[in-house]
Amino acid sequence: MRAPISVIIPTFNAEKTLPECLAALVEGLDAGLIRELIVSDGGSTDATGAIAQTWGADIVSGPPSRGAQLRRGCAAAKGEWLLVIHADTVLQAGWAQAVNAHLGKPAQAVWFRLAFDESSLAGRFVAGWANLRSRFGLPYGDQGLLVAAALYAQAGGYKEVPLMEDVALARSLKGKLTGLNVTARTSAEKYTRQGWIRRGGRNLWTLIRYFAGVDVSKLAASYRR
């Protein structure tokens with residue numbers, strides 16, 4: 001019997017964070033859950049590709065765009081379940097047991113509880129807001145996603161957009177998303193570099209504009225300034 005899960009990781013110059021992300025997945029290999037590892041790369045110029053090959057990943061390459069990369073990676077997957085995580089996200093110990101217990105519920109997709117890799121008050125507040133938002137059906141990509149391949153296809157998959165691909169899919173999965181008691185620890189680097197208030201405010205303003213119908217390409221351009 002084949003392992004049920006295809007892991008999909010979108011990457012772009014992720015050599016600093018990818019090794020720890022991959023090391024955390026060994027737990028799933030040991031538990032017989034992971035069928036394949038797919039790294040969907042957007043043109044990295046560092047050692048990302050070499051690291052992925054060392055870990056035995058299948059590499060799917062194409063232009064850099066988170067939505068397009070995820071769509072390509074998921075299209076290449078052969079597992080009954082898709083586990084999508086970012087290259088700077090680390091699933092905490094015990095995740096395999098919790099995920100295995102969920103595999104009998106293919107009608108429900110799963111997000112993980114967000115935490116940052118630093119323990120400031122601002123970091124805890126932002127993570128708390130993210131987890132609260134997720135309870136209302138809007139998890140972001142850095143919280144990971146476990147979804148049955150059939151449910152993913154039914155929802156239309158990731159859109160080939162430069163931003164908000166995670167929110168678009170979450171909206172398509174409305175009523176079919178639940179949280180799992182597993183922590184996904186993600187990098188706080190962008191927040192500490194840009195400032196917690198500035199970065200958090202930008203994320204919220206981008207979400208508001210997205211729901212107001214602003215073109216995603218315009219959102220992406222302003223978001224990355």
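1. Let's start with His-86, which is buried because its relative accessible area is 9%, where buried means under 20%, exposed over 50% and partly exposed in between (1.4 Å probe, protein chains only). A word on the model before going on: this is a predicted model, in which local features need pLDDT of at least 70, side-chain atom pairs count only at pLDDT 80 or more, and totals for chains, interfaces and linings use all residues. Residues are numbered from 1 along each chain as its sequence is written, and side-chain values use heavy atoms, with hydrogens and water left out.

2. Where does His-86 lie? Look in the loop between strand E4 (81-84) and strand E5 (89-91). Helices (H or I, at least four residues) and strands (E, at least two) are DSSP runs, numbered from the N terminus. The side chain of His-86 makes a polar contact with the side chain of Arg-66, at 3.0 Å. A polar contact is a pair of N or O atoms within 3.5 Å; within protein, one must be able to donate a hydrogen and the other to accept it, and residues adjacent in sequence count only if both atoms are side-chain atoms. Not counting residues up to four places away in sequence, His-86 touches Ile-9, Pro-10, Cys-21, Arg-66, Gly-141 and Asp-142; contact here means heavy atoms within 4.5 Å.

3. Next, Thr-11, a residue of strand E1. Is Thr-11 buried or exposed? Its relative accessible area is 2%, so Thr-11 is buried. Its side chain makes a polar contact with that of Asp-41, at 2.7 Å. Leaving aside neighbours within four places in sequence, the contacts of Thr-11 include Leu-18, Val-39, Asp-41, Gln-69 and Ala-87.

4. Gln-69 brings us to helix H4 (residues 66-76), whose buried residues include Gly-67, Ala-68, Gln-69 and Leu-70. Gly-73 and Cys-74 of H4 are buried as well. Among the elements that cover these buried residues are strand E1 (5-11), strand E2 (34-41), E4, helix H7 (149-154) and helix H8 (165-172).

5. For a contrast, find Ala-50 in helix H3 (residues 48-54). Ala-50 counts as partly exposed because its relative accessibility is 45%. Its C-alpha atom is separated by 34 Å from that of Val-126, 76 residues apart along the chain.

6. Now the nonpolar cores. In soluble globular proteins, nonpolar side chains tend to be buried together. A nonpolar core is a set of buried Ala, Val, Leu, Ile, Met, Phe, Trp, Tyr and Cys residues joined through side-chain atoms within 4.5 Å. The largest nonpolar core has 51 residues, of which Ile-9, Leu-25 and Phe-112 touch the most other members. Apart from it lies another core, of 13 residues, among them Val-161, Ala-168, Tyr-210 and Val-216.

7. Leu-114 sits in strand E6, and it counts as buried because its relative accessibility is 5%. Leaving aside neighbours within four places in sequence, its contacts include Ala-127, Ala-130, Asn-131 and Ala-184. The C-alpha atoms of Leu-114 and Asp-88, 26 residues apart along the chain, are separated by 12 Å.

8. Helix H11 (residues 216-223) has Val-216, Leu-219, Ala-220, Ser-222 and Tyr-223 as its buried residues. Helix H10 (196-211) is among what covers them. Which residue caps the N-terminal end of H11? Asp-215 does: one of its side-chain oxygens lies 2.9 Å from the backbone nitrogen of Ser-217.

9. On a 1 Å grid over the protein atoms alone, a cavity is a set of points where a 1.4 Å probe fits but cannot get out, and a pocket is an open set with protein on both sides within 12 Å along at least five of seven lines; lining residues have an atom within 4 Å of a point. The second largest pocket is lined by 18 residues, and Trp-111, Ser-134, Arg-135, Phe-136 and Gly-137 lie nearest its centre. E8 gives the most to this lining, with five residues.

10. The largest cavity is lined by 13 residues, of which Pro-139, Gly-144, Leu-145, Tyr-158 and Asp-166 lie nearest its centre. Which element supplies the largest share of the lining of the largest cavity? That is H8, with three residues.
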